[in-house]
Amino acid sequence: MATLALGCLYLSASLLCVWLLKSNFNFLGFIFNPANKKFYFISDLIFISLCILAISEQVHSQYKQGLLILFFLMHVYNSGILLFDSKKFYESKDQMRELGEDALVYAGIFILSTAGIICIYIAYS
């Protein structure tokens, strides 16, 4: 059940990004604003908690457990970077701007959608 909830959360986050992109939301301004650091931690804690619950369900094969562990580790890494090396994170704004805001948002939408589909597949297989 937690795996299904995790998949739905990933897909909801993906849809939110699509909606914000259509609304001309300034993603780089939001992402690289140090005042939003708490938002990142809270959202990552939600994903980390659901990943832990999904991993602890023990009804998945080792391969599927491995995918869930990978999602968990990605969120832990993301939170660790923000917690322990946030200066480096915020200094990378110029590099991200060179890649293009839309390209980063599209990549994020693709990653969130893929993770959501994988989690829903795991929940129903």
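In this predicted model, the axes of helix α3 (residues 37-56) and helix α4 (residues 62-84) come within 9 Å and cross at roughly 160°, the axes being lines fitted to C-alpha atoms over the stretch in contact, with angles that run from 0 to 180 degrees between N-to-C directions. α3 and α4 are therefore roughly antiparallel to each other, a label given to angles over 145 degrees, and their crossing is left-handed, so that the near helix is turned anticlockwise from the far one by less than a right angle. Among the residues making this contact are Phe41, Phe47 and Ile48 of α3 and Leu68, Phe72 and Leu82 of α4, where contact means heavy atoms within 4.5 Å.

Helix α1 (residues 2-22) packs with helix α7 (residues 101-124), and α1 passes α7 in a left-handed crossing. The angle of about 155° makes these two helices roughly antiparallel.

| α3 and α4 | roughly 160° | within 9 Å | 15 nonpolar, 4 polar, 2 charged |

Within helix α7 lies Ser113, which is buried, with a relative accessible area of 19%; buried means under 20% (1.4 Å probe, protein chains only). Leaving aside neighbours within four places in sequence, Ser113 is in contact with Leu11 and Ser14.

Residues are numbered from 1 along each chain as its sequence is written, and side-chain values use heavy atoms, without hydrogens and water. Local features need pLDDT of at least 70 and side-chain atom pairs count only at pLDDT 80 or more, whereas totals for chains, interfaces and linings use all residues.

Conventions
Parallel < 35°, antiparallel > 145°, perpendicular 65-115°, else oblique. Buried < 20%, exposed > 50% of the residue type's maximum accessible area, 1.4 Å probe, protein only. Nonpolar A, V, L, I, M, F, W, Y, C, P; charged D, E, K, R; others polar.
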